Amino acid sequence: MVRAALDATWSCVLANDIDPLKCAVYGRNWGAAGLIPGDVAELDDTPLRQPIDLYWASSPCQDFSLAGAGRGLSGARSGVFSTWIDKITPVVEAGFAPRIIAFENVVGLMTRRGGADFDAVLGALIALGYRVGVMEIDARRFVPQSRPRLFVVAVRDDVEVAHLSAPGPSGPFHTAKVARYHARLPKRMRAQWVWWKHAAPVQTAPTLESVLDAEPDTPWLSKRDVKALRAMMSPTSLAKVQTALDHGGFQVGTLYKRGRPDGAGRTHQRAEVRFDGIAGCLRTPAGGSSRQTLLIADQGALRARLISSREAMRLMGLADSYALPGRYNEAYKVAGDGVVVPVVAYLEAAIFRPVLAASARKAAA
């Protein structure tokens, strides 16, 4: 999805994922050139030993997320970050350091183990010879999906970025969480910090209604199933549904099934609803309950179905020309594990291109 955000002036020399499904989808959309499937630990780094402008890494987030076990960098999946650093270190030391390294993960990375895991991430990049800047961006500014994510944009020490940085937190994506995290950093790390200049996105995010699929690959639930969903709702969620029905017009909402504890220490499945025009954060469909349901209140009647494959991709900002996997759960997995395309495009325009232009001017001087 990063590839989908970058225009034809960019060329990709290396793409890697251990998941055969994601590699197949990548190949279907972009071709096999530069694609090396498999474990990053076993990757041949030869393609990296050339002048490269940008590395982008989105490592597994399960051990940092609220839904995960909280193991952090010691977890088997999120620990892949350390493997990736080990892989690129000899390339950087050999003189092939990219001008920009971007890293994306869940916001929970900032607070896991009191911030120690994020300290390790930034420290690893600083040790490679980079200054680091951090943004917390919720995709709802770009698409009708609530998807807060952490974006680290690191720039090589010899690249001049003074005119692209601010003296302190400013702009919509230097959030209070980011500022608090920065304040507790040791002085040596703060000295390598960049507050990237940025402004709010110009374009307004599309509406949830605008992503609806005219021919969804998910069937409408029966009246009995809809009734069962309503029986799982809390009074708060039921009130949201009733307000949408009382409106009398066409209202679009979404629903997640979540396990919630009761007063007796048992866990019950609840259906949680939102009718604020924003979908909940797409996640992978492991276990089935994390798949998101679409609710339509129309002329006093309520209908429901799972979000379709195409709707999931539209919520990630992908064009309808994007080739989907053949099976529904596969498409939902690809969407739930992805990065929102317009967010990457924003970073490319706000930071990547200005940094590369500054570097080019310095080289030409």
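Buried means under 20% relative accessible area, exposed over 50%, and partly exposed in between, with a 1.4 Å probe and protein chains only. The model is predicted: local features need pLDDT of at least 70, side-chain atom pairs count only at pLDDT 80 or more, and totals for chains, interfaces and linings use all residues. Residues are numbered from 1 along each chain as its sequence is written, and side-chain values use heavy atoms, with hydrogens and water left out.

**View 1. Two loop residues with positive phi.** Arg113 has a phi of about 55 degrees, although it is not a glycine. Arg113 sits in the loop between strand E2 (100–106) and helix H4 (116–127). Helices (H or I, at least four residues) and strands (E, at least two) are DSSP runs, numbered from the N terminus. With a relative accessible area of 55%, Arg113 is exposed. Gln299 also has a positive phi of about 55 degrees and is not a glycine. Its place is the loop between strand E9 (293–298) and E10. Gln299 counts as exposed, at 63% relative accessibility. Most residues other than glycine have a negative phi.

**View 2. Arg190 in helix H6.** Helix H6 spans residues 187–190 and includes Arg190. Arg190 is partly exposed, at 33% relative accessible area. Leaving aside residues up to four places away in sequence, Arg190 touches His182, Ala183 and Leu185. Contact means heavy atoms within 4.5 Å. The C-alpha atoms of Arg190 and Ala179 are 11 Å apart, and the two residues are eleven apart along the chain.

**View 3. Helix H10 and its cover.** H10 covers residues 328–336. Its buried residues are Tyr328, Ala331, Tyr332, Val334, Ala335 and Gly336. Helix H2 (20–30), strand E7 (250–261), strand E10 (301–306) and helix H9 (309–315) are among the elements that cover them.

**View 4. The largest nonpolar core.** A nonpolar core is a set of buried Ala, Val, Leu, Ile, Met, Phe, Trp, Tyr and Cys residues joined through side-chain atoms within 4.5 Å. The largest has 55 residues, of which Trp196, Phe352 and Val355 touch the most other members. Helix H11 (residues 341–364) gives the most to this core, with nine residues. Phe352 touches Trp10, Leu54, Trp56, Ile100, Ala102, Val153 and Leu347, not counting residues up to four places away in sequence.

View 5. On a 1 Å grid over the protein atoms alone, a pocket is an open set of points with protein on both sides within 12 Å along at least five of seven lines; a cavity is a set where a 1.4 Å probe fits but cannot get out; lining residues have an atom within 4 Å of a point. Grid points are joined across faces, edges and corners, and a volume is the space filled by probe spheres set on the points. The second largest pocket has a volume of about 200 Å³. Its lining includes Arg141, Phe142, Gln203, Thr204, Pro342 and Tyr346. By class, this lining has nine nonpolar, two polar and one charged residues. Ala, Val, Leu, Ile, Met, Phe, Trp, Tyr, Cys and Pro count as nonpolar, Asp, Glu, Lys and Arg as charged, and the others, Gly among them, as polar.

**View 6. The largest cavity.** The structure holds one cavity of 30 Å³ or more. The largest cavity has a volume of about 40 Å³. Glu104, Ala139, Arg147, Arg149, Phe151, Gly338, Val339, Val340 and Val343 line it. Five of the lining residues are nonpolar, one is polar and three are charged.
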